[in-house]
Amino acid sequence: MRIRSDSLFRVRRLSGARQLLLIHAEVQTTRDGKLAERMFRYNYRSYDAQGLEVASFAILGDASPDWRPGAFGWNLWGCRMGIDFPSVKLIDYLGREEELAASRNPFAL
């Protein structure tokens, strides 16, 4: 299966070093028990296709305050495979619209 990344960024690390990397952002608006596995697949397939480090994160737009996936993987006979990824829950920001609109962080919008 052919994979095409949505965004490719050249960034400068705080150390000043330049690095080419992939950023994978998954937007999920309903609870999906397969989200964490999908995050894993997209991350490793992007790495495999491009040979670049991949930063994956989830934006959760569902109404369930307790659903917060952040990992997928397994450990079999001492061999570990998986991903841990950060997620942001949009309902955590309800009532903070003015603060977010005034922020210089481009992700605040």
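Author: Surface patches are made of residues with over 30% relative accessible area and no salt bridge, where like charges are joined within 9 Å and nonpolar side chains (Val, Leu, Ile, Met, Phe, Trp, Tyr) within 5 Å. A salt bridge here is a side-chain nitrogen of Lys or Arg within 4 Å of a carboxyl oxygen of Asp or Glu, and accessible areas come from the Shrake-Rupley method with a 1.4 Å probe, only the protein chains shown counting as cover for residues. This is a predicted model, in which local features need pLDDT of at least 70 and side-chain atom pairs count only at pLDDT 80 or more, while totals for chains, interfaces and linings use all residues. Residues are numbered from 1 along each chain as its sequence is written, and side-chain values use heavy atoms, with hydrogens and water left out.

Reader: Which residues form a nonpolar patch on the surface?

Author: Trp74, Leu76, Trp77 and Met81 do, with about 520 Å² of accessible area together. Trp77 sits in the loop between strand S4 (71–76) and strand S5 (79–84); strands (E, at least two residues) and helices (H or I, at least four) are DSSP runs, numbered from the N terminus.

Reader: Is Trp77 buried or exposed?

Author: Buried means under 20% relative accessible area, exposed over 50%, and partly exposed in between (1.4 Å probe, protein chains only). Trp77 counts as exposed because its relative accessibility is 82%.

Reader: Where is Lys89 found, and what joins its side chain to that of Asp62?

Author: Lys89 belongs to strand S6 (residues 87–89), and it counts as buried because its relative accessibility is 1%. A polar contact is a pair of N or O atoms within 3.5 Å; within protein, one must be able to donate a hydrogen and the other to accept it, and residues adjacent in sequence count only if both atoms are side-chain atoms. One of 2.8 Å joins the side chains of Lys89 and Asp62, and a polar atom of the Lys89 side chain lies 2.7 Å from the backbone oxygen of Ser64.

Reader: How many residues has helix H1, and what span is expected?

Author: The expected span of a helix is 1.5 Å times one less than its number of residues. Helix H1 (residues 35–50) has 16 residues and reaches 22 Å from its first C-alpha to its last, close to the 22 Å expected. Its buried residues include Leu35, Met39 and Phe40, and H1 is followed by Gly51, whose phi is positive, near 70 degrees.
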